[in-house]
Amino acid sequence: MMNRRTLLASTLAAPALLRATRANAAEWTYKWAQNQPASHPMYLRAQEAVEKIKAETGGKMEIQVFPSNQLGSDTDTLSQLRSGAVEFFNLSGLILSTLVPAASINGIGFAFGDYPSVWKAMDGELGAFIRGQILKANIVAFDKIWDNGFRHMTTSTKPIVTPADLVGMKVRVPVSPLWTSMFEAFGSSPISINANEMYSALQTKIADAQENPLATIYLNKLHEVQKYCSLTGHMWDGFWLLANRRALEALPKDVQAIVTKHVNAAAVAERADVEALNTSMKGNLEKAGMVFNAVDTAPFRARLSSAGFYKSWHAKYGDEAWAVLEKAAGSKLA
Ligand code: X2X
């Protein structure tokens, strides 16, 4: 509540504040959209980056970060990024694949077994290949992809122990042909739902299961509507930081360089934060009542194989892209 004294103080302070704002009037005011809540390192590190960008450009470049899909679902925000209504957007390459088909390739089931191989691939040849494809759609992907994590199954009904447990299960998946295809290969009934409607879809039992990294599960409170977590680690997924190309190139080169430097550094810091969270969140989720089980992944991978999943995606991406993926994965994916 404002009493007389604070009211007076704020009235007196106002002119000085106004002057300060005018002196530092931003020349560019851009929007940066994300789908995770403000408690997620993706938001915290983005916030840090925009403050550094503002300081280093003397207040000329002002970027506002919008967490929790405040500007719309991922599908909507991708349209806004293309039109220029939103200038920056963290988006899973798998969802971006509705526009840039090759962008889902890192999500192929069981391609990566650990973080070092993920970063080697995404900071190396595979990531460069994907960013090249994204640029063809007039969208710029900054070099360093942000971590979402290795994805695990959660359900409200039963633990997933063998591939047979997935048969017939209504699984919420993000809006992406790769996800649908993968859960069809498992014999599930995948339902495409954007992240901003995931909680309510699970709550109302439109879906009985979903899959996400532990940090994302916890920070989105999915333990409130899911009981079991089965550590399948069936794929790794990250968030590219995308920029509308026209908006980025409208900035002077030195401002572009400042933005690039800080967002890439933020991504690298976010990776460490999320990796730590993805380890520590198991305890938090258990305390919240979630029941965990370890999973032998070999039969799941064999199931994808026998369902023709690898063969059909190899054909879709083409030999060249598939060779880059297999090289990064360090094994044949068939
Ligand atoms: O929608 C999801 O499940 C999420 C949050 O992991 C993605 O952005 C792909």
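**Exercise 1.** Describe the salt bridge that Lys54 forms with Glu62, and classify the exposure of both partners.

*Solution.* Lys54 and Glu62 are joined by a salt bridge whose closest N and O atoms are 3.7 Å apart, where the term requires a side-chain nitrogen of Lys or Arg within 4 Å of a carboxyl oxygen of Asp or Glu. The model is a predicted one, in which local features need pLDDT of at least 70 and side-chain atom pairs count only at pLDDT 80 or more, while totals for chains, interfaces and linings use all residues. Residues are numbered from 1 along each chain as its sequence is written, and side-chain values use heavy atoms, with hydrogens and water left out. For exposure, buried means under 20% relative accessible area, exposed over 50%, and partly exposed in between (1.4 Å probe, protein chains only). Lys54 is partly exposed because its relative accessibility is 36%, and Glu62 is partly exposed because its relative accessible area is 32%.

**Exercise 2.** Which distances separate polar side-chain atoms of Arg151, Arg172 and Asn212 from oxygen atoms of the ligand?

*Solution.* With a polar contact taken as a pair of N or O atoms within 3.5 Å, a polar side-chain atom of Arg151 lies 2.9 Å from a ligand oxygen, one of Arg172 lies 2.7 Å from a ligand oxygen, and one of Asn212 lies 2.6 Å from a ligand oxygen.

Key: A polar contact is a pair of N or O atoms within 3.5 Å; within protein, one must be able to donate a hydrogen and the other to accept it, and residues adjacent in sequence count only if both atoms are side-chain atoms.
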